Structures are given as C-alpha cells and as structure tokens.
Amino acid sequence: MIEIKDLKKQFKNNVVLDGVNLDIHKGDVIGIIGPSGTGKSTLLRCVNRLVRPESGSITLDTGRKIDLADASRKELLELRQYTGMVFQNFNLLERKTALENVMEGLVIVKKMDKKQARAIAEARLKDVGLLDWADHYPKHLSGGQQQRVAIARALAMEPSLLLLDEPTSALDPELVGEVLETIKKAAGEGYTMMLVSHEMNFVKNVATRVIFLDKGKILEDGTPKQVFDHPEHDRVREFFTKMSRMEEPEYYV
C-alpha cells in the first residue's frame, strides 16, 4: 500500500491542497475529479515532486518513507523511478523518434544497453498500436498518437504508480477515444493509477475508486457508483447537477 499523509500546498494566499491523506492499494485506478482549480493536477505533481509542497510525505509499498517537502536528490530519483507521469501536453523530445522517446528513460535513467531498451520500447509501442510509427518524429504524429507514445514511454519504465494528468485535454475530440482505450487497456493489465480527467463517463467506466476534490480537500472517496450515484456531500451533488445541466441540449427538435 502507498500512503500519502498531510499533503499541503499553497500558492501565495491560495490553499490548493489542505492536508490531503490518501491510501492507495495495489491495482487501484483512482479517478480524481472536481471543479477546475481545486488542486487535482497539483496533487499529482506533488506526489511526483514536480511541485514542492509545504508539507506531506509518501510511504511507498517498499516501506520507504519520503518527506515530500524536504526530499534529498537521491530520494527524488527513487521517487521518480517509482512513479511514471503522463502529462497533458505529451512532453515528447521533438528531435527524437517515437522509438527513441520511449527508449530515453531506459537508457539514461535505468542505464540499460540500447539493444535491451529497444526491445522493451518496441514492445510498448506495439502495446499502444504504434509500432509501425516507431521511426516517426513527434511532428509527424497526430496529437492522439503523441499521447500514446507518451503513455508507452511511461509504461516502459515499469512504474509502481502511474500518474495521468488530464491526458486527453489537449486533444481534438475525435482523437480522445484512442487515448482512452490505451489507458483502459493499461488499467486492465493491473497498473496502479491516479488519473485526473474531466471525461466523467470514462472515469465511471475505468476507475475502481473515485475521489472528489474541492478546495484542497477530499470530499468523497468511494466506488464510481457511490460517488457518482450516491454522493454524501451537498457540494458534490451540486457539482453533478451542474454537469448534467451543461450536458443537456439547449433545445429539442
């Protein structure tokens, strides 16, 4: 089990995370939802220590406890080898091919020889349906294909915890489906995930747990059915009511 304790982050006077506590079990696919600006992406970035919190710790399932506010360089390296991050905007290396992008972490971070790294990278590109595009550069790939390469890159590192930060938000609507299918496949393979997404139907279908975050606090934590259909908090019910109204057509024919 992974334990996140007392995670706090603020930007100037804006408290974004207000003492978040979270236990993550192996195989959990945790969908993180809530209003914009409520700390969902910041939560992932603090867990991976891309953003430094004011306080908080993470205890890995190895028993290793890391102070996220005061981690050493060695601890940060350990944490980032333990986690994998998929960003909104792909973050691929433009001058490297899809294959080279997936190989990069294996060679640089894990110090694998290139033959072994290439074999793993090709297998991961095959998993996401892009082996035929291995020698293409990012500029020659669609947004959906680039994001699938980014997912392949993260999976190639065999992370114990995969963090996905709005992985479809930068995509045209017609490209969203192929990325969601890739994530769904990875979830089915047993990866432990924290997924921030505004795709509510997808979260309902792929998550094993759903967390509703508002004003830096977890208001709901339960199964998709519990959170979406039977929320306990008025604020959560209000949120879903507004979402339903937005999805309704403005007029009927």
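A word first on conventions. This is a predicted model, in which local features need pLDDT of at least 70 and side-chain atom pairs count only at pLDDT 80 or more, while totals for chains, interfaces and linings use all residues. Residues are numbered from 1 along each chain as its sequence is written, and side-chain values use heavy atoms, with hydrogens and water left out.

Let us begin with the sheet. Helices (H or I, at least four residues) and strands (E, at least two) are DSSP runs, numbered from the N terminus. Four strands form an open sheet in the order β2-β1-β4-β5, and their pairing is antiparallel; two strands pair if DSSP finds at least two bridges between them. At the edges stand β2 (14–24) and β5 (65–67), each with a single partner strand, so one side of each has no neighbour in the sheet. From one strand to the next, the twist averages 15°. Eight bridges join β1 (residues 2–11) to β2 in the antiparallel sense, and Gln10 has Val15 in β2 as its bridge partner. Across β1, β2 and β4 (55–59) lies helix α1 (residues 40–47), at about 120° to β1. Axes here are lines fitted to C-alpha atoms, for helices over the stretch in contact, and angles run from 0 to 180 degrees between N-to-C directions.

I turn now to helix α6. Which of its residues are buried? Buried means under 20% relative accessible area, exposed over 50%, and partly exposed in between (1.4 Å probe, protein chains only). The buried residues of α6 are Leu175, Val176, Val179, Leu180, Thr182, Ile183, Ala186 and Ala187. They cover an arc of only 160° around the axis, which places them on the same side of α6; the arc is that of the directions from the helix axis to the C-beta atoms. On the other side of α6, Glu174, Glu181 and Gly188 are exposed. Just after α6, Gly190 takes a positive phi of about 95°.

Finally, two single residues. Leu92 sits in the loop between β6 (83–86) and α3 (98–108) and, at 10% relative accessibility, counts as buried. Beyond its neighbours within four places in sequence, Leu92 is in contact (heavy atoms within 4.5 Å) with residues including Asn101, Pro138 and Arg153. Asp214, in strand β9 (residues 209–214), also counts as buried, at 10% relative accessibility. Outside the four places on either side in sequence, Asp214 is in contact with Pro35, Thr38, Leu219 and Arg235.
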